[in-house]
Structures are given as C-alpha cells and as structure tokens.
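Grab a pencil and work through these exercises with the structure open beside you. Each task comes with a solution in steps.

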Amino acid sequence: MKLRSLAFSLLALGALSAAAGRPQVVAHRGHWKPEGSAQNSIRALVKADSVGADAVELDVWISSDDVLYVNHDPSFQGVVIETSDSATLSKLRLSNGEPLPTLDSYLEVAKNLRPDLVVEMKTHTDPKREDVAVEKVIDMIAEKGLTDRTCYITFSRNSFNNLVAMSGRPVQFLTAGSPCALKQIGGSGADYHISVYKSNPQWIKELHDLGLTVNIWTVDTPADIQWCIDHDADFITTDEPELAMELVKKACDQREMKIMTYNLRFGELADMDRIAAEIKAQNPDFVAIQEVDVNTNRAASKHNNGLNYVTELAQRTGMFGYYGRAIDFGPGYYGVGILSRYPAEKIEKFELPNPGNVEPRVLLMGTFEMPGRKFVFASTHLDYSDHETRKQQARFVSEKMTSADYPAVLAGDFNANPSQIYIKTFKATMKDLTNTAKTWPADVPKEKLDFIFAYPPQNFELKSCFVPEPSAKSASDHLPVVSDIIVNF
C-alpha cells in the first residue's frame, strides 16, 4: 500500500510505523495500571510488550553526574533528578519496589522486546544540561541498536531543535501549533492533547496533507479512543493500551462487507422503484452499476426517461450516489455509477483505452471514508466487440486497481467469461470474490460476465456469493451478483 507521502514513508522504516489508516497504540509510560506495575517502570515496559502494544512512551532526565533516568516528573519522592547525583537516585524505589530506572537498564530490556520507543526529552531548568542529555540519549539508543525503533517527543523547543538536527529520527512536537508552523521548524508530526485536536479538527487533514503524522494523548475513554480512530489518528497514546487495541482491532483490522454489481440494462425492463427495491433488499455496502442513464430519452425505457438514475437510486436506497459519464446520449448521458453507504473522499473517472474506436468506456474509482479506515471501490463496463480494445482495457483497469492506496474492490460487467484472457488478466493480480453462477441473459443464463475482484488478494476473504435464480421477469438482462466478504485491513 502507498502511504501519504515520502515523509510518512520514512516513518515506516522504523519506530512508529503505521499501517495506512490503522492507528498504532502507544502505551503511555508503559502499561502501568496492572498490579505489580508502576509508571515508567521496567515492569510497565514488559507488560506493554505482553499485551501487544505497538510502542511504549517514556520520559528521560539527566542527573547532576550525567546519568540518564526514566521518570515523568522533575522530582521523585521529593528528590530533584537534575540536581541530584546517581548515588542518591539509585536508592529510590518505585511503588512496585523497582529501583528508579536508569535509561541504560531500561533500554537493555527494551532491545529484546517488540514495542517501539517514544522517548520524551523533558524540559530541564538548564538548557545546557538539556543539550548534554539529548546527545547522551541519542548515543545510548544507538549503542543499544534501537535507533530505528525510536522516535522523539518534547515540549522543549531547545530539545526539539537538537533532536531534529542530531537524531536522524522522527521528532514530534508536544507544544501545540499550526501544522504549517510545525512543518517549517522541521517536525515529523504533531503530538497534541486530544482537546487540541477537538478544538482544531481540521488540523488532522492539514497535517496529513503536509506529510506529517498525528499523535494524540492521553486518550483513555472508549469514546475518545473511538474519536481518534474515526478522525484518522496515526498514533493513540493511552494509559489503557488493552482497551485501545481492542477498539482499534474492532474498527480497523477486519470488517465484513457486502458488495453488489448490477448491469441495469438502461432501465428498459424495470422502473426505478423496482430496481431500488432489489438493491435495498440486499442491504449492500457498495454497489457497482452499469448501463446507467442520466436525463436520457429512450423509446425502450419511457418509464425512466428524464431521470438521473444515480440520484433516484441513491434517494430510494439511502445511499450516496456517484456517476461516471461514458458517452452523451440524447439530451443526457450514459455510463456507470457507484452507490455507497460511506461518503467519498475522492472520486475519479478514467477513460479506458479504445484502439478499436468502439463505444467509449470508463472506470469510476473512489476512495471512501469508513470509520477508522479508507477503502477503494470501483465500477466499470468493458467493451464487448473488439478483442484488442478489451485486452488493453483489462490491463489498464488492473493497473489502476493494483496501485490503489488502500484495500480495493473492482466490480462490474466485464463482457467476458472466466476462461478468456481479459478475466485472466484480473485474476493474475486480484482475487475473484464471486462464484461460478452464470449471469447473462437473466432469463436463461449462458455466460458469467459479471465479476467482483479485490486487491491485494491476501486482504480479502469470500464468505458467500449470491446470484438470484433466473427469471423471465428480471429487472434487467443481467442478474445481479452479491458477495459477502471479509476485508483484513
């Protein structure tokens, strides 16, 4: 899958790599709430690993004698870390009995565990001591072989500048500012409190458009975690990592959907009420429709003349409707369409190759915004008369679908049966999500012309495929195809 930009792709090489659209769960100060754990403890680090957190956030200070310690506050049990020496600090114990951890001891354990590290450089009272701390942290992480698994966060502009200049790693700023300002100072992403994002929800898209990541803290309630998922957060920093991972998995990792494709025969055999009723009865998430008229005037379908089929069907089914014109027809248009339960972020129409100078055909392709995920769905209708044209169209459409940024499904009337080279072109890279039932003509089916394909193949499972029984009273000359699928995001 493609990611948002080069900057985002660089993140995917190391720490905090986000699957496109799937938020990563960052255990805030480790998984410290279970019995026997404590904030920023080595036990909290191990617990975060045991429950499968994607990353662990930790806080770093430097002592008066240049030893790095892991702790959130400037002091612990009344002892100020940056003005105390390691002899004093080594006597301190966390609530679970562990010694106040040095960064060295923490990283020794971390290097053998799975989670990435989000290191917060704390704001010291003396900027020069802060400079020393930054340099020592970068060096120690490199010595432990953890550079590629570490990113940095900080409230301190001084530390931020040093980390950007010296670490070669993603650096997220904790001090809230506009996306453009963050980009200008060299940040890789924003790590802001959820209240900041809720007050400025447009910043999330702006950050992504600039190639920057979105980290949100500290998100602990089901409602707030779901808000982060729904608003396309890249990283969710939480004191409840198990809850967050459960909600992320439910929203993002796997989803059942129903896909339908239906050639309408330009409404010759049924009015809009009947066609809409057939679609609505299947309760689909996405429908690819072909031979779709808009404001035409046909003698064969007088009951539908002057209607915008996509608008009419969308209104009757309660779905969103999108249209792709292939040709002008009378006072209107003729082409393909998409009905969707979900709004589109982007809709594109591509004219298909036409070396035989036959009737023009198109691919209508959309990126749709599902809760916590994005999904690509497309509708097409290939030529039926010219071999070379259909062959080039199949290759063109296949290349478009396999270059999609997100899991993608293609559906339509391919005017070809499974044994022909055109269908083999799609099956070479995509998964067939239909059965073997013939779909045309509807009264006595002789050929299977209607298909649903998906890419990448390993992300999709076919649960079942339904094709109605043949009928002389069908609403079209094609039978619809309806597939229940599972998408693994």
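**Exercise 1: two asparagines**

Asn-415 sits in the loop between strand S19 (408-413) and helix H15 (421-427); helices (H or I, at least four residues) and strands (E, at least two) are DSSP runs, numbered from the N terminus. Before going on, note that this is a predicted model, where local features need pLDDT of at least 70, side-chain atom pairs count only at pLDDT 80 or more, and totals for chains, interfaces and linings use all residues. Residues are numbered from 1 along each chain as its sequence is written, and side-chain values use heavy atoms, leaving out hydrogens and water.

Task: find the phi of Asn-415 and decide whether Asn-415 is buried or exposed. Then do likewise for Asn-40.

Solution. 
1. Asn-415 isn't a glycine, yet its phi is positive, about 50 degrees.
2. Its relative accessibility is 15%, so Asn-415 counts as buried (under 20% relative accessible area; exposed is over 50%, partly exposed in between, with a 1.4 Å probe and protein chains only).
3. Asn-40 lies in the loop between strand S1 (24-28) and helix H2 (42-50). Its phi is positive too, at about 60 degrees, and Asn-40 is not a glycine either.
4. With a relative accessible area of 2%, Asn-40 is buried.

**Exercise 2: cis peptide bonds**

Task: what is omega for the bond joining Trp-440 and Pro-441, and for the one from Tyr-455 to Pro-456?

Solution. 
1. Trp-440 and Pro-441 are joined by a cis bond with omega about -10 degrees. Look for Pro-441 in the loop between strand S20 (431-432) and strand S21 (450-455).
2. Going from Tyr-455 to Pro-456, the bond is cis, with omega near -5 degrees. Pro-456 belongs to the loop between S21 and strand S22 (460-466).

**Exercise 3: one face of a helix**

Task: which residues of helix H4 (residues 103-110) are buried, and where do they point?

Solution. 
1. The buried ones are Leu-103, Tyr-106, Leu-107 and Ala-110.
2. Down the axis of H4, they fall within an arc of 95 degrees, so they line one face of the helix; the arc is that of the directions from the helix axis to the C-beta atoms.
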